[in-house]
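Here is a short briefing to read beside the structure. It is grouped by topic.

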Amino acid sequence: MYVNNHTRFSLKYGILSVKELLEFAQEQGLSRLAITDINNTSAAMDFVRLAPKYGVDPVLGIDFRNGIRQCYVALALNMKGFLEMNRFLSGHLHRGEPIPARAPLFEHVLVIYPFGVYTGFPLRPNEYIGVSPANLNKLRFSPLCADRDKLVALQTATFRNKRDFNTHRLLRAVDRNVLLSKLSVSEQSEAGCYFFPVDELLHKYREWPHLVENAERLLGMCTVELDLQGDVPQKNQRTYTGSEEEDLKLLRQLCESGMPYRYPNPDRDLLERLEKEIDIIHRKGFVSYFLISWDIVRYAREKGYFYVGRGSGANSMVAYLLRITDVDPVDLDLFFERFINLYRTNPPDFDIDFSWTDRDDVTRYIFSRFRHVALLATYSTFQFRATVRELGKVFGLPKQEIDRISSGRFVYERLDDLSKLVIRYSRFVHDFPSHLSIHAGGILISEDPIEQYTATFMPPKGFPTTQFDMITAEDVGLYKFDILSQRGLGKIKDALEIIRENNPGSEPIDIHDMNRFRSDEQIKINLREGKAIGCFYVESPAMRMLLQKLRVDDYLGLVAASSVIRPGVAKSGMMREYILRFRNPARRPDPDDVMMRIMPETYGVMVYQEDVIKVAHYFAGLSLGEADVLRRGMSGKFRSREEFARVQEKFFENCRKQGHSDELSAEVWRQVESFAGYAFAKGHSASYAVESYQSLFLKAYYPIEYMVATINNGGGFYSPELYLNEARLHGASVEEPCVNRSGALSIVRGRTIFLGFHRIRSMDYASIECILESRLLQGPFRSLPDFIARVAISLDQLVLLIRAGAFRFTGLNKKALLWKAHFLLGHSRRSKPERTLFRQEPREYQLPQLLTEAHEDAFDQMELFGFPLCNPFDLLTQPLREGVTAAELPLHKGETVRALGYLIHIKKTTTAGGKLMYFGTFLDREGGFLDTVHFPPYTTKYPFRGKGIYRIEGVLMEEFGAFTIEVRAMEILPMIQDPRYTDMSVYEQQMLRQTRKQRMNTSIN
């Protein structure tokens, strides 16, 4: 009789999880139960998967509502009915239309109209009227009372108790963005929408038993023909050509045609590996997955788009031949069983990165090329700090109190009652779904319509998106294609174009010539010394220091470093152990050591995801299928699943059978557990290393052009200021934007970088387009009046250009230009260019001499660009040259040193004891890097105080050739006052003297 039940996926409305809903059904002895979330099917497939474990037959439904006003409850008679409901809901969600008062003509769906909503229209055979306990008395006096077969018990169930109801009201207040005291009754559920026990609900309908019988009858009519238990068959598009035979034939042809490009002289071992891979791919039913991936990258190549195939897919020779990836799995001896083995149920993992400018077009192509496609959703959940803020506002707490308790700096017992309520309910709703979002790159390509499993919504991207997430999709048997965007590829693509423009006549660069890059001596030097600013994945302070410690100068070393740097490896202590074994052969275990035998390439240290499978298989004796379950479980996807728990138990059982001590088994398990969720697959690291080498080459030989491309693509790990500093270190000069030289983006001419108009804060794109169009059609601007006559621009936008120095070609200073701008545009909203045969020049006025102070430009630049173009050390109140520089650090190892550094990056972290600490990155006056570590208690005694130049004092520590200052004292140094806003600037004093002189001359005359 429970036909209308909500979970948390009735977003900001429902309270129960799917598990809690089923536990209620089990406690009440219910054999059949419906799930009917409000305009949502996110929980439906989880409900189907879990229901049999609780002895419940699931019924799928939707509570169709406009806002919280109920229209009708729909129950699917079968999966065809679920498809109908999902298509109906999807259409309305896509178009943003309200749900109609009358349900459409469903063929496989039962519809229940609430008693208070039904308006008397003739009911179809599949339509009924639901009566809640609150409406039973009204039913007595209604003519509908006589139509016994069409009346059903409709107890809408949303909460279990008073706390659930209170939580519901808080969620509704958050959703409506109102104080709880101002929440309208019409915006919340009726107070009686409880999950009543069976006996209590039967008692409420004791005078109307046929309503209960009818409700049970409707539930009994509904079935779900979908088995999500055990190994679920994959439901991705089954064939690419329409025939499995033809698919296999095409795959072989593509591999054969790709062989000359990848392996000009294949030997027998190579061909045998290829045959083995194709055989496993065919037997596992993954042929179409490869062919669809090939189709996507083929389109990208035809369009000239850069891409990188990565993930475990890089372990496959077939993927390499199809040019899905650029990593040679044979050369790298990649572990194919990490990618596919006969025990693996899910398809291989391809992550294909495209430039951020190209990804949307690739996505559009996929939706147009394949029939049943949808983006994958993610669940944005309530997290504690954000929830405290939301509930604090709902309760009407002052902002200061909200700030205090959201920071966690409080003693619960000392809080007032309202603040305690905020904390209690914030903890209760932690991890409740708040709203649906979009997965970073997941796309589903299904054999059947996506709506067979979920309704879809239409986010601003304009592509249908599922209402469930990746884990639920995999439970159903749908496996995503990852189509991701990455600015690093945009940097490489744009750098090649800038190089062509700035170096006409130079030979084109083959950016895919990895053999050349791997043997390049300059790249090797830069890698060893960590000179990698702007280079993909290797520019962060931690990575630069790791490269220096390892003295990496080859491809395999970089591949290992790319995975060693990951959080879990470092946390477990394996990163340090790897460095020690890398640098000191005597520290490496004996060749017959069990871990050394399994992982000789990394000296017995787990570095890659494959190592989890290798250790589980060869050390603990698990099957490859069980080992893969272990890997996936530790990645966080199934950590709570019973399957993972069984494999974990078997790991230790097998270790004992293998004769390993409990201590050794526990240590190996600790290592596996600490990093399995973070470490890269070796093929993934290799793919990253390819892109790193490409950017390292461009940085080594075309540093200025590459830095400009980096800035134009949004930078990287650091701010644009640092990349401009790097360009200067390589001989570039950096100039402000110029209306006659600059483009929308920054450009380079010879060794001079002209900042783009996009760097000017608040500069709108329409104005930029007008400037560029006028310059293209009519040539350079001759003067400010000429510019105003030709470009439709508002006064505020013109002022931004003047302050940015974009009119310095006129020879007038900014103050004179601002006078002219206000004179020419002061009384109009914007200029109105008119094409005339003879243009009358505006009248010129003699202005008094307008003087500019030395550093005014620097402060304009900081305001408009976010940084000055001069050396920031020149802005100190007193010129200082004290302390050591980065170049002098090797001379002072172990000493207490003092240095001056310009702050460019802070990394916040905690000690093992949970105390706050920082890593800092600074530049010295010459642009060299100073790396610092700030341990407690110095973090609180000498805190960071924002951007600026700091005097740093501490002990200079050296580890494996990398230097770090352990800070003991630190202070930010005073900068000069902004001369534009001082009480009496030099300019004003000069103007005052000039005015007095003019008055004297006038009185004499």
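At 28% relative accessibility, Arg323 counts as partly exposed. This is a predicted model.

- Arg323 lies in the loop between helix 11 (317–321) and helix 12 (336–339).
- Its phi is near 65°, a positive value in a residue other than glycine.
- Most residues other than glycine have a negative phi, and most peptide bonds are trans.
- Tyr603 also has a positive phi, of about 60°, although Tyr603 is not a glycine.
- Tyr603 sits in the loop between helix 25 (594–598) and helix 26 (609–619).
- Is Tyr603 buried or exposed? Tyr603 counts as buried, because its relative accessibility is 14% and the cut-off for buried is under 20%.
- The peptide bond from Pro936 to Pro937 is cis, and its omega is near 5°.
- Pro937 belongs to the loop between strand 19 (929–934) and helix 38 (938–941).

**Helix 8 with helix 9**

- Two packed helices are described by the angle between their axes and the distance between the axes.
- Helix 8 (residues 244–262) packs on helix 9 (residues 268–283) at an angle of about 155°. Their axes are 11 Å apart.
- Helix 8 and helix 9 are therefore roughly antiparallel, as angles over 145 degrees count as such.
- The crossing of helix 8 past helix 9 is right-handed.
- On the helix 8 side, the contact is made by Leu248, Leu251, Arg252, Cys255 and Met259. On the helix 9 side, the partners are Leu270, Leu271, Leu274, Glu275, Ile278, Ile281 and His282.
- By class, this contact of helix 8 with helix 9 holds 9 nonpolar, 1 polar and 2 charged residues.

**Helix 14 with helix 15**

- The axes of helix 14 (residues 384–395) and helix 15 (residues 399–406) come within 9 Å. They cross at roughly 155°.
- That angle makes helix 14 roughly antiparallel to helix 15.
- Helix 14 passes helix 15 in a right-handed crossing.
- Arg385, Val388, Arg389, Gly392 and Lys393 are the contact residues from helix 14. They meet Ile402, Asp403, Ile405 and Ser406 in helix 15.
- The contact of helix 14 with helix 15 divides into 3 nonpolar, 2 polar and 4 charged residues.

**Helix 22 with helix 30**

- Which angle do helix 22 and helix 30 make? Helix 22 (residues 555–564) and helix 30 (residues 682–701) pack at about 115°, with axes 8 Å apart.
- Helix 22 passes helix 30 in a right-handed crossing.
- Tyr555, Leu558, Val559, Ser562 and Ser563 come from helix 22. Helix 30 meets them with Lys682, Ser685, Ala686, Ala689, Val690, Ser692 and Tyr693.
- The residues of this contact of helix 22 with helix 30 are 7 nonpolar, 4 polar and 1 charged.

**Nonpolar cores**

- In soluble globular proteins, nonpolar side chains tend to be buried together.
- The largest nonpolar core has 132 residues. Tyr555, Phe619, Leu698, Phe787, Leu798, Leu801 and Phe807 touch the most other members.
- Helix 30 gives the most to this core, with 7 residues.
- What does Phe807 touch? Leaving out residues up to four places away in sequence, Phe807 touches Val739, Leu784, Phe787, Leu798, Leu801, Ile802 and Leu817.
- Another core, of 112 residues, lies apart from the largest one. Its members include Leu110, Tyr128, Tyr194 and Leu478.

**Two single residues**

- Phe644 is in helix 28 (residues 642–657). Phe644 is buried, with a relative accessible area of 4%.
- The C-alpha atoms of Phe644 and Val109 are separated by 38 Å. These two residues are 535 residues apart along the chain.
- Asp57 lies in strand 2 (residues 57–66). Asp57 counts as partly exposed, at 39% relative accessibility.
- Ser31 is 26 residues from Asp57 along the chain, and their C-alpha atoms are separated by 6.0 Å.
- Not counting residues up to four places away in sequence, Asp57 touches Ser31, Arg32 and Leu33.

Conventions: Residues numbered from 1 in each chain as written. Predicted model: local features only at pLDDT ≥ 70, side-chain atom pairs only at ≥ 80, totals over all residues. Heavy atoms only, no water. Axes fitted to C-alpha atoms, helices over the stretch in contact; angles between N-to-C directions. Helix = DSSP H or I, 4+ residues; strand = E, 2+ residues; numbered from the N terminus. Left-handed = near helix turned anticlockwise from the far one by under 90°. Contact = heavy atoms within 4.5 Å. Nonpolar A, V, L, I, M, F, W, Y, C, P; charged D, E, K, R; others polar. Parallel < 35°, antiparallel > 145°, perpendicular 65-115°, else oblique. Core = buried A, V, L, I, M, F, W, Y, C linked by side-chain atoms within 4.5 Å. Buried < 20%, exposed > 50% of the residue type's maximum accessible area, 1.4 Å probe, protein only.
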